[in-house]
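Subject: Structure handover

Hello,

Here is the model I promised to pass on. Please open it alongside these notes.

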Amino acid sequence: MPALGQRFRVVGILKPLDNLALNYISTRGQAPELNFSGALMTGLARDGGLYMPASWPRMDAADIAALAGAPYPKLAAKIMTPFVGDALEERELAALTGQAYSRFNHPAFAPLVQIADNLFILELFHGPTLAFKDFAMQALALLMDRELQASGERAVIIGATSGDTGAAAIEAFKGRSAIDVFILYPHGRVSDVQRRQMTTVAEPNIHTLAVEGTFDDCQAIVKALFNDIAFRDRWRLSAVNSINWARIMAQIPYYFAAATALGGPHRAVNFAVPTGNFGDVFAGYAAKQMGLPIDRLLIATNSNDILVRALETGRYEPKGVAATSSPSMDIQISSNFERLLFEASGRDSARIRSQMNALKQEGAFTLTDGELTAIRSTFAARRADDETVARTIRETHAETGYLADPHTAVAIAATQAERTDGPTVVLATAHPAKFPAAVERASGIAPVAPERLRDLMSAKEHFSIISNDVLEVAGVIAKRAGAATPSPYF
């Protein structure tokens, strides 16, 4: 088995191989190959798989070094240009990223904070909803709106969230005339701040649904609706979860920004990533495939440790979801792991279909020795329970003065358990004020709420509590979406 990604051709940045635009293929191999616009608006492939670049764009050391010190919106456009192909020119994409990140409230957009020797925090929470999802969602909304305005069509966006994705999507898409947004979240399993960031938005194109179940249940409903081709086509469903490749694409740039700030490409950097659905850490893998010298990608999980167990044993087997102090990671079925399996198998779509069928029918599958070796060549995985997370928040603040949210603390704890050489960057995925109760319990300090949150707790909420039932969700979409003709279900 070759190293991950080694068997596949790469293309130079801004110079696609054979002058052809980069296309996208499904991990399951039975859906049409699409260009960027098609993959953007399709989300989940029609065969149930996830879209992946047909080849990895590649940057040489000089290209990477030239990014050092570049304004973040310009850097992001440079990194994303080869992925969008002929959908946008680099100058158009630069204008779009400039608009997308105009509401971030830090001049560095993703600042690095050093808290110990060779240990840095990459703060990804300076966007409108104070979470890393804003980097992708603000760009995704503009890209989708651009496509729909050009075609004169409407779309229904449906997404599942464990907290931050929903808030970021609602903030990015609210008020857009061509898009209805339906966000499913697990009732009672997100923080009060996360819930209110979703439910206090009153725009008529926003529909927030509290599902009586777990995030995995919400995600299963979304996938079931996408896999009903008649329903999907009738409402022109599109996805904002990280099953949509554009979400992954827009998270790659901050890996380049952090690494070049720390001396890349002339020295390798490690990243520790709080991980639930595997999208953010897979963006790091994509950055490495593009040529960024990343040594290790550390998967940091809470007690919902399916990825740790999979890397330890080779057995991918979901268990019950446990509620933790880091609710955005309370996930057992990590959708984006399928993308990594696709790479580890040598892009063998038949193998992926077999694994996904086994997961559906038997509740588990086993990786081959070659797949496991390939994954372990780049990834390590560590878990942290709530007691460890609380202790990490408390000790990190006492020793460094840095107040971390529970998700970031999971990753800090992982770095303490997994010794690495060279600099390690912990991705801080959310502001501590989004989880004030957990942070105050752990540290004795109430995090100061940014101005964006100060009116949130008194605002009126708008949401519907619904059962864990795909037909009920389909009915809500049929009744509320802007299209006029009857649903196939009713």
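First, a definition: buried means under 20% relative accessible area, exposed means over 50%, and partly exposed lies in between, with a 1.4 Å probe and protein chains only. Helices (H or I, at least four residues) and strands (E, at least two) are DSSP runs, numbered from the N terminus.

This is a predicted model, so local features need pLDDT of at least 70 and side-chain atom pairs count only at pLDDT 80 or more, while totals for chains, interfaces and linings use all residues. Residues are numbered from 1 along each chain as its sequence is written, and side-chain values use heavy atoms, with hydrogens and water left out.

**The enclosed helix**

Start with α6. Ten of the ten residues of α6 are buried, so the helix is largely enclosed by the rest of the structure. They are D164, T165, G166, A167, A168, A169, I170, E171, A172 and F173. The cover over these buried residues includes α5 (133-151), β7, β8, α7 (192-199), β9 and α10 (245-249). Contact here means heavy atoms within 4.5 Å. After α6 comes G175, with a positive phi near 80°.

Two strands pair if DSSP finds at least two bridges between them. Five strands form an open sheet, in the order β10-β7-β8-β9-β17, with parallel pairing. β10 (237-239) and β17 (464-466) are at the edges with a single partner strand each, so one side of each has no neighbour in the sheet. On average, neighbouring strands of this sheet are turned by 30° against each other, direction ignored. Axes are lines fitted to C-alpha atoms, for helices over the stretch in contact, and angles run from 0 to 180 degrees between N-to-C directions.

Strand β7 (residues 155-160) runs parallel to strand β8 (residues 179-186), and six bridges join them. I157 stands opposite V181 in β8.

Two helices lie across this sheet's strands. Helix α20 (residues 470-480) lies across β7, β8, β9 and β17, and runs at about 155° to β8.

**The mixed sheet**

There is also an open sheet of six strands, ordered β5-β6-β16-β11-β12-β15, and its pairing is mixed. Its edge strands are β5 (112-116) and β15 (379-383), each pairing on one side only. Neighbouring strands here are turned by 25° against each other on average, direction ignored. β5 pairs with strand β6 (residues 119-123) in the antiparallel sense, over four bridges. L112 has L122 in β6 as its bridge partner.

**Helix packing**

Helix α13 (residues 306-313) packs with helix α16 (residues 369-376) at an angle of about 120°, with the axes 9 Å apart. That makes α13 oblique to α16. The cut-offs: angles under 35 degrees count as roughly parallel, over 145 as roughly antiparallel, 65 to 115 as roughly perpendicular and the rest as oblique. From α13, A310, L311, E312 and T313 meet L372, I375 and R376 of α16. The residues of this contact divide into four nonpolar, one polar and two charged. For those classes, Ala, Val, Leu, Ile, Met, Phe, Trp, Tyr, Cys and Pro count as nonpolar, Asp, Glu, Lys and Arg as charged, and the others, Gly among them, as polar.

Now α19. In helix α19 (residues 436-443), the buried residues are A438, V439, A442 and S443. Down the axis of α19 they fall within an arc of 105°, so they line one face of the helix. The arc is that of the directions from the helix axis to the C-beta atoms. These buried residues pack against α17 (386-400) and α18 (406-417). Just after α19, G444 has a positive phi of about 80°.

**Backbone points to check**

- A cis peptide bond joins G264 and P265, with omega about 10°. P265 is in the loop between α11 (253-261) and β11 (269-274).
- R236 is not a glycine, yet its phi is positive, near 45°. R236 sits in the loop between α9 (229-235) and β10. R236 is partly exposed, at 29% relative accessible area.
- F278 is not a glycine either, and its phi is positive, about 75°. F278 lies in the loop between β11 and α12 (279-289). At 1% relative accessibility, F278 is buried.

Best wishes
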